[in-house]
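Here are my notes on the model you asked about, point by point. Have the viewer open while you read.

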Amino acid sequence: MKRLQKLGAYLFLLLIGYVFLFPLLFMIMSSFKPEQVIFADLYSIRAILPVGDLTLDNYRQVFEKSDVLLYFRNSILITSATVILGLFVNSLLAFTLSRMRWSGRKYILAAVVALMIIPIEAIVVPLLLLVSKLPTIGWEQGGLVLMGSWLNSLEVQILPFVANSFFIFLFYQFFRDIPKDFDEAAELDGATPFQIYRHIIVPMSGPVFATVAILHFLLMWNQYIWPIMAVQGEDARPVMPGIQIFFGRQTSWGEIMAYASFVTLPVLAVFLAFQKKFVSSLAGAGIKG
Amino acid sequence: MADVKLTKVVKRYGDVETIHGIDLDIKDGEFVVFVGPSGCGKSTLLRMVAGLEEITEGELHIDNECVTSVAASRRGVAMVFQSYALYPHMTVRENMGFGLKMAKTDKVEIKRRVDESAKILQLEPLLDRKPKALSGGQRQRVAIGRTIVRNPKVFLFDEPLSNLDAELRVQMRVEIAKLHSQLKNTMIYVTHDQVEAMTMADKIVVLRGGNIEQVGSPIELYLNPVNEFVAGFIGSPRMNFFDCDVIAQTDDSLTLKLPCGEVCQLAADVSHSPGMTRVKLGIRPEHLKEDQSGEIRIGVDVDVVEHLGGSTYVYARYSGEHELIIQTGGLSPVRRGDHCDFSFNLDQCHLFDCNGLTLRAAKPVPLHTQAPVAQALSG
Amino acid sequence: MNANTSVNSSDTLTVSSGRPAETRRPPRKRYVFLMSAPALLGLFMFMVLPFLMALGMSFTDQRLLSPNATEWVGLRNYDRLLNISWLVQEPVSDADNHLKRTAEGELVYPRLRSVLRKNPEYKEFKEFTHWSFGDKRVVLLAKDPSFIQSIINTLLFVILVVPIQCGTALGLALLINQKLRGIFLFRTVFFSPVVTSIVVVSIVWSFLYHKDLGLFNHYLNAMSFGLIGPVDWLGDPDWAMPSIVLMSAWQAAGVQMLIFLAGLQGISGDLYEAAELDGAGPWGKFVNVTLPGLKNTTIFVVISTTIQAFGLFTQVDVMTRGGPQGSTSTVMYHAVTKGFREQDIAYGSAISVIFFLAILAIALLQKRFFDKREDA
Ligand SMILES: Nc1ncnc2c1ncn2[C@@H]1O[C@H](COP(=O)(O)OP(=O)(O)O)[C@@H](O)[C@H]1O
Ligand SMILES: [Mg+2]
């Protein structure tokens, strides 16, 4: 009886699991199959199995038709730069908010919380105008000069996303729960506020740094609307908008699946590697946010 | 010479004043205990000495130098926190050396000083462990070791033993006392536990509501409390108090009517408070005798009897409603529900006026009969 | 105790003796400033400033790239977005007072465009929709009918996706809260769509929704024994939005699932044991222990999902581009279309401002709701 119940539970879980896994597996498997095979396999379990004549043709086509490696490189640069800067900048503000007494602290905190509800889509349009008017500073002929606009660059995709109110809030919540005694002991030991941050708080806050790094990574890797607006040329284009190339003319689903699989690879790799961390951190972030 | 001198020290949080102008002199090498009920401002006062709280008004001198607005790390103080505040990601060695590292001390020198301090507290085998791998008592010792490394002029302790179980607490109490006799530094120790205060202090500072009630040695406070609060706070179990009507008053004596109706006369210098109608009489539990040898006899109804082995606490009611605690010898025959007589001597009574100020303290008992004091101290 | 003497005699770490006050470290304020400035600058530059610009520009005729100088236009953008009107039309009759009918027998009404043009009161208005009452026809007019359509679409999406997504999430959470070996594998599986880019998910699902080749039509056909013909999921105005809803719920439910799971695990096991002692069965325990225990979690999940749902954009952009016939255009999609693709930044900004105010109103309602609950 007990065993039967268990079997039933597993069967049900498998069914639901199939529903949730199918599109992802289908995408990956199809990327290795010629167009006709994709359609032929679609209606059977073969759709999510690596069976039949597997080929790398789709990938070859993707690499030929698009600068996917360039996009990939751009995405890696943008994502890593933003995440690293963000960890630093956001945790520093959270540190002053949660562990130092200063006038105006409360108002800044309230502002940070209020900013959490503004979705990126709500400000992209004015942001676009803003950055189109911001000049960049660069080297030219041995001197500092102001150059054109920010558009079509990597930094236009990095800098606006470094400071993030949600991540500041996550750091704030974590830091707030660390006993103040540590700071005071360190203060008596002669540490400056920055040294307290660097030597005491940061080493004690591994979990929240991991959480924010993961969430920020996801956010940045999957950027879509902003690069479409701010980056017209190929040079600075990241992976997600790049997929548009494969629509239009005549759609080759095999190639699309290959591209999609290729750009999903890093997220999946990170996800599977840090799976436990991922899940617990997102749950924590959600429940508190 | 690391004297500590507080002059008219005031602490305000916004509009709320929590420390009301404290004057205090602590001599070099003294072990001073701040004691008082929870919320009376002990920690605040200590933290102002440490430099962790700003001093709103007044001055603080350490070693004859004004350090009122000097940063905490430059005052020459070190502090043991109630939670120990050992950095969990550092080994014991790193914890102990952190202050020196911040001061950019040479690595070899850090090692030397950490090793020295570890030796004093027998911490050598623990140096490479993380705090998580230590027992409560060991953590406590590391927390103290960390302060020793810094070789401060003044050691500060904020309820350092309150996270330990009873047995360890007694053990650490002795260790800290030993440490003091060994290092001979000035130490300021905060506790709400009067037993700790009595056993460890050279000098006790009793605080209440942000004011000093009394400063003195443990025995002074025990024998000569300046008011009802100190009398009740120092000594365990608590002193018993009864309201008594004043029947007659001269400059140096009072005639009282006890709640049981008995009338007695006590010597007291009451020339400054004429015309009193009521006073409070205080008698310590250890001064109530099971036999009838005392001058005043009282009959009580016994509610609860606690046998501690070495002594017995009797919780009783005296003439109906007055609660009373009596401490008697180890094998008292008194049982719950008994009605029995106790007695006491008038010269062991304290008298307090209607404001709680002491009118008269108990006469010091000759030293060889001071057993109850020793008991109170070790209790 | 020679250790003691050496500690005491050795150099003092603390150097306060003789140090004048002016050599003290920089004041704390400077640290606060230096440590908080980078993030505050970022937030101000890229969140607050753009929003303030949006607010300002929404009263102008700013365009992304325009040779003409920008001018203040007051509330014109808001008027264009929100102004709604209506008119009633009588059917056209011929000389004998007979109602004119088309070949299909429908009544004929005056051409709306000429009516609107003739009447200055209806300047700029276009038809949004119309209803018939007897012979009469009521025409609802809007200056930007597609914006009104976008609001309705967005609300439809929210109303559909919130219960589906939260319900799915709760179901999944209950499933993986069972004590079964290897259950964490399923947790990973249910969560995997969340980490996959919504762009990628939208593309794969577009394929599954395909009218002729797609999986959905295949199964539908098979299960109804060929009775239900192929549905053009993303090409049919009636089905496009529900299709997007289904996919969105599927993609994002993992997040809410984890939050519900945390909620479930936060319910004390004692409560279940107490309920069991009181004779409650599995259903009784669910109703009397689980649901009440998840109350706060549920409120949080519903509200955060709602706010998120209002921002619907990417799926629409990838799968339908707002179509067919504007049936999947959302407020955000409209804002980006106008502000970026049509370069009318001022207009797009006005939409953003309205959107922000709406979200703010929801957030404030949420806060009041929570505060009230705490009082109670
Ligand atoms: N940061 C603060 N803000 C306001 N009031 C405080 C603060 N810290 C302590 N107090 C108040 O000061 C009083 C003394 O506190 P404290 O020194 O911690 O008492 P204790 O004697 O128990 O150590 C208490 O009434 C407390 O409420
Ligand atoms: Mg305290």
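**Notes, starting with the ligand**

1. Start with the shell of ligand 1: Tyr13(B), Thr18(B), Ser38(B), Gly39(B), Cys40(B), Gly41(B), Lys42(B), Ser43(B) and Thr44(B) are the residues around it (a residue counts if one of its heavy atoms lies within 4 Å of the molecule). Before going on, know that this is a predicted model, where local features need pLDDT of at least 70, side-chain atom pairs count only at pLDDT 80 or more, and totals for chains, interfaces and linings use all residues. Residues are numbered from 1 along each chain as its sequence is written, chains are lettered from A and ligands numbered from 1 in the order in which they are written, and side-chain values use heavy atoms, with hydrogens and water left out.

2. Now for polar contacts with the ligand (pairs of N or O atoms within 3.5 Å). Tyr13(B) puts a polar side-chain atom 3.2 Å from a nitrogen atom of ligand 1. Gly39(B) uses a backbone N or O atom, 2.6 Å from a ligand oxygen, while Ser43(B) has a side-chain N or O atom 2.6 Å from an oxygen of ligand 1. The protein buries 57% of the 560 Å² that ligand 1 exposes when taken alone (areas by the Shrake-Rupley method with a 1.4 Å probe).

3. Which helix gives the largest share of that shell? Helix H1 of chain B (residues 42–50) does, with three residues. Helices here are DSSP runs of H or I with at least four residues, strands are runs of E with at least two, and both are numbered from the N terminus.

4. Elsewhere in chain B, look at strand S11 (residues 240–250). S11(B) pairs with S14(B) (residues 278–283) in the antiparallel sense over six bridges, and Phe241(B) stands opposite Gly282(B) there. S11(B) also pairs antiparallel with S12(B) (residues 253–257), over five bridges, with Val246(B) opposite Leu256(B). A hairpin of two residues links S11(B) to S12(B). Pairing needs at least two DSSP bridges between the strands.

5. Over in chain C, three strands make an open antiparallel sheet in the order S1-S3-S2. Its edge strands are S1 (84–89) and S2 (126–133), each pairing on one side only. S1(C) and S3(C) (residues 136–142) are joined by six bridges, and Leu87(C) has Val139(C) as its bridge partner.

6. Finally, UniProt lists residues 151–366 of chain C as "domain: ABC transmembrane type-1", in an unreviewed entry; such annotations may be inferred rather than shown by experiment. That span is 76% helix and 0% strand, with its end C-alpha atoms 21 Å apart.

Note on methods:
Polar contact = N/O pair within 3.5 Å; in protein donor to acceptor, adjacent residues only side chain to side chain.
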